[in-house]
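Hi,

Here is the structure I promised to pass on.

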Amino acid sequence: MTTLPRSARSPLALAGFLAVVAAVAVVGSLAATQSRAVYTGLAQPAWAPPSWLFGPVWTVLYVLIAVSGWLFWRASGTRREFAWYAAGLVLNAAWTPLFFAAGAYTPALVEIVVLDVVVAGTLVVFRRRSKAAAALQVPYLAWTLFATALNAAIVLLNP
């Protein structure tokens, strides 16, 4: 049996990373069918973004997350290092059902704080092998930190 050289497998691997991250996005979208109504029905801080902004932002972030993982894979990241990335994807997929489907705003806040730590850890681990992969995690971390602040404000404003 002939195996493809790593360089030939690279586009296939990118497609795989895009597919896995798309699956995370689908989990979130299935759990968020009522997200616009839920979000607009909550008391929000003055700095809360409009609900229409989340879709475009997450679309860009999911592409960056997938490309980041792919770049790290190309840099020969280890399974142990990839555990950070995988944990981030699992936590990312879990937040939307917690917040929007279950209305569990405080548990969602705890969960997103853990996600922040995991994304920061992923960035640090990725930087050891690929600065580009790490750099692509920065917007994701910035957005999750913003989302954490928004989640916290919603918890405080909606007792």
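Below is what turned up on the pocket and the aromatic residues.

Bear in mind that this is a predicted model, where local features need pLDDT of at least 70, side-chain atom pairs count only at pLDDT 80 or more, and totals for chains, interfaces and linings use all residues. Numbering runs from 1 along each chain as its sequence is written, and side-chain values use heavy atoms, with hydrogens and water left out.

The largest pocket comes in at about 610 Å³. (A pocket here is an open set of points on a 1 Å grid over the protein atoms alone, where a 1.4 Å probe fits, with protein on both sides within 12 Å along at least five of seven lines; lining residues have an atom within 4 Å of a point.) Its lining has 26 residues, and F54, W58, W95, T96 and F100 sit closest to the centre. By type, the lining splits into 16 nonpolar, nine polar and one charged. The top contributor is α7, with six residues.

F100 also pairs with F99, edge-to-face, at 4.8 Å centre to centre and 75° between the planes. (Rings pair if their centres lie within 6.5 Å, and planes over 60 degrees apart count as edge-to-face.) Both are buried (under 20% relative accessible area, 1.4 Å probe, protein chains only): F99 at 2% and F100 at 18%. Over the whole structure there are 17 aromatic pairs, and one aromatic cluster is made up of F17, F72, F82, Y85 and F126.

Cheers

Terms used
Phe/Tyr/Trp six-rings, centres within 6.5 Å; stacked < 30°, edge-to-face > 60°. Buried < 20%, exposed > 50% of the residue type's maximum accessible area, 1.4 Å probe, protein only. Points joined across faces, edges and corners; volume = space filled by probe spheres on them. Helix = DSSP H or I, 4+ residues; strand = E, 2+ residues; numbered from the N terminus. Nonpolar A, V, L, I, M, F, W, Y, C, P; charged D, E, K, R; others polar.
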